[in-house]
Amino acid sequence: LKDIQVKTAKGEYLGVFEEKKILFSDFAQRYLAFSKTNKSFSSYKRDLASSKNILPIFGNKHLFEIIPQKIEEYKTNRLQEGVTPATVNRELSLVRHLFNKAIEWGYLTKNPLQKVKLLKEPPGRTRYLKTEEIERLLDIIDTFPKEIRSYLEPIVLIALNTGLRKREILQLRWKDIYFEKRKMTVSVTKTNEIRVVPMNETIYRELKKMPRDQESEYMFCNRKGEPFGNVRKSIDRALKLAKINDFRFHDLRHTFASHLVMNGCDIRTVQQLMGHKDIKMT
């Protein structure tokens with residue numbers, strides 16, 4: 001009995017030792033520092049956004065005080081606030097990974113989310129451009145002033161013909177383009193892995209005729225030579241004029257993948273071209 005009391009006093013029965021006690025808010029800062037260093041920029045931003053909803057609820061509790069029941073209450077309360085299941089699941093995924101790191105770094109021995117199930121989500125949104133929509137969009141872009149057309153057309157064509165993400169395209173540098181091998185290297189990726197992407201004839205011709213800013217290493221840059229942060233206004237205007245509704249820039253990536261599959265490309269090849277780690281995503 002004395003031995004049990006000693007263990008209880010030290011918190012050992014909870015899978016955490018006294019000297020390892022830490023508030024969720026403090027550990028979350030360490031986790032976010034890890035996220036910023038080891039994850040892609042978009043993943044870090046998502047973690048940062050999710051943490052802003054989680055910290056007010058769990059921030060003042062020690063890690064070992066957060067039990068499955070509290071997590072279930074959090075799920076219920078978030079849904080009652082009108083938050084979508086997908087958003088709640090992203091937040092839960094962050095907390096789960098955070099606790100896995102706490103175990104890896106010696107703060108806990110068990111993850112309270114181990115048996116907590118994610119919420120069921122509605123079927124994912126699927127939107128891609130049909131061939132006639134692609135032609136309509138490119139025809140509209142051709143009517144734009146030269147200073148807009150000179151960057152918008154190649155950006156859209158790269159997305160349609162390579163499946164690159166918007167940030168991957170906007171971060172492309174001229175040294176990433178190998179015309180003689182008809183390939184491009186994508187170093188700023190979601191998975192933090194360098195990817196080699198083939199250039200078809202359309203992209204080869206488009207990039208060959210692109211004007212180059214001698215003061216900048218980036219292919220798509222502003223007058224200061226800095227890479228574009230976004231092209232949303234231009235693309236939204238083109239979509240509106242082309243009368244293409246319910247469409248986002250990321251759907252250009254969906255269009256690339258969808259047309260590959262419809263033309264008989266096997267799913268493994270699509271996975272490699274898209275840069276997916278998990279074929280389930282493909």
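Does S50 count as buried or exposed, and at what relative accessibility?

1. First, the ground rules. This is a predicted model, in which local features need pLDDT of at least 70 and side-chain atom pairs count only at pLDDT 80 or more, while totals for chains, interfaces and linings use all residues. Residues are numbered from 1 along each chain as its sequence is written, and side-chain values use heavy atoms, with hydrogens and water left out.

2. Now to the opening question. S50 has 8% relative accessibility and therefore counts as buried (buried is under 20% relative accessible area, exposed over 50%, partly exposed in between, with a 1.4 Å probe and protein chains only). S50 belongs to helix α3, residues 41-58 (helices are DSSP runs of H or I with at least four residues, strands are runs of E with at least two, and both are numbered from the N terminus). Setting aside residues up to four places away in sequence, S50 touches R90, E91 and L94 (contact means heavy atoms within 4.5 Å).

3. The aromatic residues deserve a look. The count comes to nine aromatic pairs (rings of Phe, Tyr and Trp, the last by its six-membered ring, pair if their centres lie within 6.5 Å; planes under 30 degrees apart are stacked, over 60 edge-to-face, and the rest tilted). F27 and Y107 make an edge-to-face pair, 5.3 Å centre to centre with 70° between the planes. F27 lies in helix α2 (residues 24-38) and Y107 in the loop between α5 (85-104) and α6, so this pair ties together parts 80 residues apart in sequence. Both F27 and Y107 are buried.

4. A second pair joins α2 to that loop. The ring centres of F34 and W105 are 5.9 Å apart and the planes stand at 80°, so this pair is edge-to-face. F34 lies in helix α2 and W105 in the loop between α5 and α6, so the parts tied together are 71 residues apart in sequence. F34 is buried, at 18% relative accessible area, whereas W105 is partly exposed, at 31%. Ring pairs link F27, Y31, F34, W105 and Y107 into a cluster.

5. Two charges also sit over rings (NZ of Lys or CZ of Arg within 6 Å of the ring centre and within 35 degrees of the ring normal). The charged end of R237 is over the ring of F144, 4.7 Å from its centre. For K166 the ring is that of F249, with 5.9 Å to the centre.

6. Helix α10 (residues 232-241) has S234, I235, A238 and L239 as its buried residues. Viewed down the axis of α10, these fall within an arc of 130°, so they line one face of the helix (the arc is that of the directions from the helix axis to the C-beta atoms). The face turned away from the buried side carries the exposed R232, K233 and K240. Among what covers the buried residues are α6 (131-141) and α7 (146-162). After α10 comes K243, with a positive phi near 55°.

7. Finally, the cores (sets of buried Ala, Val, Leu, Ile, Met, Phe, Trp, Tyr and Cys residues joined through side-chain atoms within 4.5 Å). In the largest nonpolar core, of 43 residues, L152, M184, L207 and F220 touch the most other members. The largest share, nine residues, comes from α7. A second, separate core of 26 residues includes L63, Y74, L98 and L113.
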